[in-house]
Amino acid sequence: MSCVVAPASRGVQARAKSVAETLNLEFVAIADDLDSGVALVIDTDRSWLQRLQSPRLGPVYIDFSSADMLYRRKSGHNEPLGRAIGVKGEKRPKVFDATAGLGRDAFVLADLGCSVALSEQSVPLCYLLEQARELALMSANDKVVEAVSRMRVLCGDSRQQAIEGFDVIYIDPMFPERGKTAAVKKDLATVQALHGDSSGANDPKDLLVWAMAQPVERVVIKRPVKAPALGNVKPSHSITGKTVRFDVMVKPKGNGR
Ligand SMILES: C[S@@+](CC[C@H](N)C(=O)[O-])C[C@H]1O[C@@H](n2cnc3c(N)ncnc32)[C@H](O)[C@@H]1O
């Protein structure tokens, strides 16, 4: 199993056991002796992921009120993503994020005013996303509360979800970590470890084929700046940021919508 549930201390063992049962994951009283996979560590007020294989790396939290998220909100590095999705003037597209992960891109979009469904196949990530959303709803920062009020979490394979009432499907497949900061590398390496050796369990090209067949206006894919287009499908246009590129497929009117 690539993810186990462990208590942060003896005092929260019962709570961790109950989470393990609910999520149908294996419970371990002490994760320190394990050397592969990831632990979902449960504490009194919050939980996190701890990579168990070497190098151990630090804990990975989802916190929509964190300094990192506040920096993202203010730094303007949301702009290329917003443009790719189609945020313009008063227009705020409804987004289906088919690869929610740690919810960072989804939060950026919600903060720009979009309503966002965060669809994630990994059960521990869904748990953390929902917990982070609930905590952020109690934030003292009104902007954070407004943003997370526009977010909802859906657990399971995105290709099994009903796509109704969305304007855009957004896809951020796993990609090699080159060019990222140490913190982002650590977080993505931990998310990758959740999937064991299967690097996301399914081929992102399949996700693109599925997305293109859905009743939405556009599909947006995040790519490394210099990578070829996913599946060699030529995008309608691309928006290039400092470290990533967003390939935008605008679907012809009447195509599935
Ligand atoms: C690179 S991460 C996304 C990071 C995210 N954009 C963020 O800002 O935190 C890719 C995520 O997509 C998820 N994923 C991949 N294929 C999926 C599918 N078919 N359905 C749902 N989630 C999927 C993986 O489990 C992984 O958590």
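Predicted model: local features only at pLDDT ≥ 70, side-chain atom pairs only at ≥ 80, totals over all residues.
Two strands pair if DSSP finds at least two bridges between them, and strands here are DSSP runs of E with at least two residues, while helices are runs of H or I with at least four, both numbered from the N terminus. Residues are numbered from 1 along each chain as its sequence is written, and side-chain values use heavy atoms, with hydrogens and water left out.

Here is a friendly tour, starting with the sheet and moving on to the ligand.

**The sheet around β1**

- Four strands form an open sheet in the order β2-β1-β3-β4, and their pairing is mixed.
- At the edges sit β2 (26-27) and β4 (47-51), each of which pairs on one side only.
- Strand β1 (residues 3-7) runs parallel to strand β3 (residues 38-42), and five bridges join them.
- V4 has E26 as its bridge partner in β2.

**How β1 is enclosed**

- Burial is judged by relative accessible area: under 20% is buried, over 50% is exposed and anything in between is partly exposed, using a 1.4 Å probe and protein chains only.
- Five of the five residues of β1 are buried, so the strand is largely enclosed by the rest of the structure.
- Both faces of β1 are covered, with C3, V5 and P7 buried on one side and V4 and A6 buried on the other.
- C3 counts as buried because its relative accessibility is 3%.

**The ligand and its surroundings**

- A residue is near a molecule if one of its heavy atoms lies within 4 Å of it.
- Which residues come nearest to the ligand? Of the 22 residues around it, these are D105, E120, S158, D172 and H195.
- The shell around the ligand has eight nonpolar, nine polar and five charged residues. In this scheme Ala, Val, Leu, Ile, Met, Phe, Trp, Tyr, Cys and Pro are nonpolar, Asp, Glu, Lys and Arg are charged, and the others, Gly among them, are polar.
- Polar contacts are pairs of N or O atoms within 3.5 Å; within protein, one must be able to donate a hydrogen and the other to accept it, and residues adjacent in sequence count only if both atoms are side-chain atoms.
- An oxygen atom of the ligand is 2.9 Å from a polar backbone atom of L102.
- Taken alone the ligand exposes 620 Å², and the protein buries 95% of that; accessible areas come from the Shrake-Rupley method with a 1.4 Å probe, and for residues only the protein chains shown count as cover.
- Two or more residues of the shell around the ligand come from each of α4 (104-111) and β6 (116-120).

**Loops on either side of β5**

- T99 is placed in the loop between β5 (95-97) and α4, and it is buried because its relative accessibility is 19%.
- A polar atom of the T99 side chain lies 2.7 Å from the backbone nitrogen of D172.
- P93 belongs to the loop between α3 (79-85) and β5, and its relative accessibility of 2% makes it buried.
- The C-alpha atoms of P93 and C114 are separated by 5.7 Å, although these residues are 21 apart along the chain.

- Most residues other than glycine have a negative phi.
- N24, which is not a glycine, has a positive phi of about 60°.
- N24 lies in the loop between α1 (13-23) and β2, where it is exposed at 65% relative accessibility.
- N232 is likewise not a glycine and has a positive phi of about 55°.
- N232 sits in the loop between β9 (218-224) and β10 (237-240), and its relative accessible area of 67% makes it exposed.

**Cysteines**

- How many disulfides does a search of the whole structure find? The search finds zero, where a disulfide is a pair of cysteine sulfur atoms within 2.5 Å.
- C126 is buried, with a relative accessible area of 7%.
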